[in-house]
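Hi,

Here is the structure I promised to pass on.

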Amino acid sequence: MDELVRLEKLTKAFPQKRKQDVVILRDIDLTIKEGETLCVLGESGCGKTTLGKILAGLSTYSSGSYQFCGEEVRTLRKEKWDSFRNHVQMIHQNPYESLNPAMMVFDMIANPIRRHKHINDIPTLYKKVTDLLELVGLTPVEDFVDKYPNALSGGQRQRVSIARILAMDPKLIVVDEATSMIDTSLRISLLKTLVDIQTKLNVSYFFITHDLALGRYFARGQKAMIMYLGRIVEESPADELISKAAHPYTRAILSAASGSSEILQHSAGHYELLEADVPSFTALPSGCVLHPRCPQRIAGLCDCIQPERYEVSPGHFVSCHLYAKDRA
Amino acid sequence: MSNDKNSLLFQMNNVSIAYNTKRGALKAVQNASFSINERESAALIGESGCGKTTLATSIVDALPNAAAITSGEMLYKAADGKTVDLLKLSRGQMRRLLWDDISMVFQASQSSFNPVCKIRTQFVDTVRAHRKGVSNKQIDEMSRALLETVHLDAEKVLDSFPHEISGGMKQRTLIALSLLLDPRLVILDEPTTALDILTQEKILKLLRQLKDDKGFSLLFITHDLSIVSELADKVITMYAGIIVESAPVKEFFSNPKHPYSSGLIHAIPRLTDTDDELFSIPGNPPDLITLRKGCPFAPRCSRCVPQCHEELPPFEQVRADHYCACWNPVSEGVHHG
């Protein structure tokens, strides 16, 4: 598999009037290969959507490097930039707001093809649109081509936005909480469609979610990472992340998510963070950002020095002093 | 207040609610019947648009103007032991009952507070509206005690405007406000959506503990089954405006009778179970205006029999405390519907 995306020390800061810049993403390192899924998990406000927007080219980055197919995104111009934008597409969270209510499904999918592939011949367009609708599971196709979004359910709308994106033959799709607005009973079938598309077209996904169980389900056998306050705290194969969570933060959210109930899930051991509010981005703690809430903090180390990335097992990286080589 | 867990507190019988729309009457709730005992916590689950919020807001008489209760009765056993029908009460009587006996935390609690009043004012106003001759000092003490039980810094919160406190704090403040007058039934609409996972855990724990300490009953709406498993004693499943199943929580998860409940349970990814194949329920929820005859779930149901398309199944008892409306219920041991 070829490497598609490589981020190195990527940082994003938002400038403020008369105040210091607010740094939202810090030192993000990651790679996504062709046909691979990377699932990003984190609470609201940890910077995962900002990272998704940068990957999709909708937002700039302040420093560090973002290479797409080996080329630095910041330096892309004209045709190269256009082709980059075509190759990276985004599925938005809210399908009730991301589709133009005054446009038919056919036009919604055909317009990007007209604009970017310069195909204006109706029979060819119709063939392309119906193929895409079939691919995303909106069958019988004839029922859908002439519908307006208001006649579609949330799940169907989301499928239309996927079809619209696939019209651009993307290599990377940023999926930003795409199932959170969809009824529980329909979520799984949408995720299965996404997986089918991946096997057929060999696209990569950058899957953003806050639902750990959903992330684990979607990224089975692939990679997942946990973000906290703009940093990647843990990265590993998805199953290992759940079964052998290493970082204190990961263990706390897993414990909270699996809950204490005996009926539905068996908690993998209770683990709680200390009572403290989530720090604000404008006043981040020194050292490891988790240290004010971490029950296992090491005084004099965690509150001073930002931990490096340690590899605890192949492909499993943790940013935590507890896993420093000389300590273990 | 009696400590008997089995004494009936609230009972809804055959309530139907319809919205008046341009296309005709939208039957948001049809013949809903359920009951809540004292100190019981009931979860109302279902997909968006199935009428669960409508059903809950009808109890506190806060339906939008376009909606009307077309039939049924809501029996509430007041503190003095008398049973009243909430739908027959006069406006004045209802106003006295609300918040004193029944309180509700609405969805989007983030915007439930008046943005131009300090939290303290909103606590004071609530007490003033219901209790006569309570001094400001007493109110202050009451609110402080409550805010402390929800683990908030009372001093800071009372003197803040709603925008100055975070989402999780606002949610906890609202829970405190809803308990201010010692209600006997608290209705929570999606108590933890829009909160992050760690705050959610905190609030659930708090609710469980408060319920045991203060002895109120809970009716909460959610679509998150993991919350159900942690907080509920009883689960009421709604589909397309109809209550299809009502079961004790353990039985709901281990032995669901309605194919829809069973489908929901198997559509949700779990953290701990490995390699469990998940199933979606095929199809889409029906349009509530142009409902066909028969069971509304029939077109999506894998256990559908010809009778399902003809007649609406009755809401019948299948075992103790377990009711279900289905012609061909899921039998024990069989999974995924």
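Predicted model: local features only at pLDDT ≥ 70, side-chain atom pairs only at ≥ 80, totals over all residues.

**What I found**

Chain B has 11 helices and 12 strands (helices are DSSP runs of H or I with at least four residues, strands are runs of E with at least two, and both are numbered from the N terminus). Its radius of gyration is 21 Å, close to the 20 Å from the globule rule for 337 residues, so chain B is as compact as a globular protein of that length (the radius is taken over C-alpha atoms, and the rule is 2.2 Å times the number of residues to the power 0.38).

Residues are numbered from 1 along each chain as its sequence is written, chains are lettered from A and ligands numbered from 1 in the order in which they are written, and side-chain values use heavy atoms, without hydrogens and water.

On to the sheet in chain B. Its 4 strands are ordered β2-β1-β4-β5, open and with antiparallel pairing (strands pair if DSSP finds at least two bridges between them). The edges are β2 (24–37) and β5 (83–85), each with a single partner strand, so one side of each has no neighbour in the sheet. At the β5(B) end, 3 bridges join that strand to β4 (residues 67–77), and B:Leu75 sits opposite B:Asp85. Helix α1 (residues 52–59) of chain B lies across β1 (8–21), β2 and β4, at about 115° to β1(B) (axes are lines fitted to C-alpha atoms, for helices over the stretch in contact, and angles run from 0 to 180 degrees between N-to-C directions).

Helices α3 (residues 105–117) and α4 (residues 122–135) of chain A pack at about 115°, with axes 10 Å apart. That makes α3(A) roughly perpendicular to α4(A) (the class covers 65 to 115 degrees).

Cheers

How values were computed: Contact = heavy atoms within 4.5 Å. Parallel < 35°, antiparallel > 145°, perpendicular 65-115°, else oblique.
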